[in-house]
Amino acid sequence: MKITKVLGFSMTALLSVSLLAGCTAAASDGDAAVNTTVLKVAFNQNASHPQAVAILELSDKLKEGTNGAYELELFPDEQLGSQAETIELVQTGAVDLAVVAGPLMEAFNADFAVLNLPYLYDSAEHQMSVLNEPDVTGDLYSSLAESESLSVIGAYHGGIRNVYTVDGPVETPADLAGQKIRVIASDTNVSMMELMGGVGTPLAQGEVYTAIQSGVLDGGENNELIFADLAHSEIAPFYSYTKHLMIPDYLIANSEVLAAFSDADRATLDSLFAGSVVSELAAFDEKVVAAKSKAEAAGAKFNEVDIEAFRDAVAPLLEEKINNDVTQAIFDKVEAAR
Ligand code: GCU
């Protein structure tokens, strides 16, 4: 298990990462000396986030399961850049893997939108029952391997997203009128927020606090972990349970790095990843409870909303984004698993 803490993001740090990506280190494993390939994983949240914990566990098990051939080194806290920047680093191979929010993949293949639609999943269990099912997502996840050097290994649960604002609780779409709400960059998210009544404003996660504080934004939409851990709860304290979105968080890899795995090592990675998805989901709920208490202690207020009004408002987006055979087939399978 490795976790690296670097102060701030600098070109020097990036350069050293690029020189080190996929580096091998001699390790002694019993009698035989093996070369361990250390794969760099970019992560935009903190080291106690359930996905970070899952990846560190995955690293230990991968090292054991591949007899020392592979381990992972996690770079948390946006050290290697915003999620959008780290996708590019994975493409070039400067970084081997990254955890990135599903909406960002729409810039590479618009069909990814079908998995990022509001009110698509009934529960986290429903979401996870389809996201890592090869019959549902296998072709989509490998669709960028040749053209963009990006492969999706699989998806982690990333919480349930709710709106939070500076000026008072949101109960209906009318309450969001004129309010600039930060969204993760994608056409789907911008349209979604417009239908919800607000003005969707794409921004990287790390810039949201300052944008709200300076009045550029009126709020954001995210799960309770980000709300509490990034202290958004202190400056936009009205957290309204719109429950509008569950997005996948993908573990993506540079496709050439994955192609270099032996068949046995790749099978080990896939099966260990499946296990890490289960433990991440179990840990998430606990973290939500703790984050809510932390936010409440900081003065945040939580309120229920007219969910049906929001669900009706965003319905046209499903029509718009389920627009070809690929998205229709995936959507039908998500419905069937409901
Ligand atoms: C969630 C998600 C992250 C994403 C973040 C965001 O926390 O898990 O992958 O980066 O939202 O809003 O940017």
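Predicted model: local features only at pLDDT ≥ 70, side-chain atom pairs only at ≥ 80, totals over all residues.

Trainee: How are helix H2 and helix H12 oriented to each other?
Mentor: Helices (H or I, at least four residues) and strands (E, at least two) are DSSP runs, numbered from the N terminus. Helix H2 (residues 50-65) and helix H12 (residues 263-297) pack with their axes 9 Å apart, at an angle of about 150°; axes are lines fitted to C-alpha atoms, for helices over the stretch in contact, and angles run from 0 to 180 degrees between N-to-C directions. Angles under 35 degrees count as roughly parallel, over 145 as roughly antiparallel, 65 to 115 as roughly perpendicular and the rest as oblique. The angle therefore makes H2, relative to H12, roughly antiparallel.

Trainee: Which residues of H2 and H12 make the contact, and how many of each class are there?
Mentor: Contact means heavy atoms within 4.5 Å. Among the residues involved are Ala54, Leu58 and Leu62 of H2 and Leu272, Phe273 and Phe284 of H12. Ala, Val, Leu, Ile, Met, Phe, Trp, Tyr, Cys and Pro count as nonpolar, Asp, Glu, Lys and Arg as charged, and the others, Gly among them, as polar. By class, the contact of H2 with H12 has nine nonpolar, five polar and four charged residues.

Trainee: Which residues of helix H5 are buried, and which exposed residues lie on the face turned away from them?
Mentor: Buried means under 20% relative accessible area, exposed over 50% and partly exposed in between (1.4 Å probe, protein chains only). In helix H5 (residues 134-142), the buried residues are Val136, Thr137, Leu140 and Tyr141. Because they cover an arc of only 95° around the axis, they lie on the same side of H5, the arc being that of the directions from the helix axis to the C-beta atoms. The face turned away from this buried side carries the exposed residues Pro134, Asp135 and Asp139.

Trainee: How many residues of H4 are buried, and what covers them?
Mentor: Helix H4 is mostly covered, with six of its eight residues buried. These are Ala124, His126, Gln127, Met128, Val130 and Leu131. What covers them includes H5, S6, S12, H12 and H14.

Trainee: How do H7 and H13 cross, and which residues of H7 take part?
Mentor: The axes of H7 and helix H13 (residues 307-321) come within 8 Å and cross at roughly 150°, so H7 and H13 are roughly antiparallel to each other. From H13 the contact draws on Ala313, Val314, Pro316, Leu317 and Lys321. From H7 it draws on Asp187, Thr188, Ser191, Met192 and Leu195.

Trainee: Is asparagine 189 buried or exposed, and which residues does it touch?
Mentor: Asparagine 189 lies in helix H7 (residues 187-195). Its relative accessible area is 2%, so asparagine 189 is buried. Not counting residues up to four places away in sequence, asparagine 189 touches Pro103, Val183, Ile184 and Leu245.

Trainee: What separates the C-alpha atoms of methionine 193 and histidine 244?
Mentor: Methionine 193 also lies in helix H7 and, at 0% relative accessibility, counts as buried. Methionine 193 and histidine 244 are 51 residues apart along the chain, and their C-alpha atoms are separated by 9.9 Å.

Trainee: Where is asparagine 67 found, and what is its phi?
Mentor: Asparagine 67 is found in the loop between H2 and strand S4 (70-75), and it is exposed, with a relative accessible area of 52%. Most residues other than glycine have a negative phi. Asparagine 67, although not a glycine, has a positive phi of about 50°.

Trainee: How does aspartate 77 count in accessibility, and what is its phi?
Mentor: Aspartate 77 lies in the loop between S4 and helix H3 (83-92). At 39% relative accessibility, aspartate 77 counts as partly exposed. Its phi is positive, near 60°.

Definitions and conventions
Residues numbered from 1 in each chain as written. Heavy atoms only, no water.
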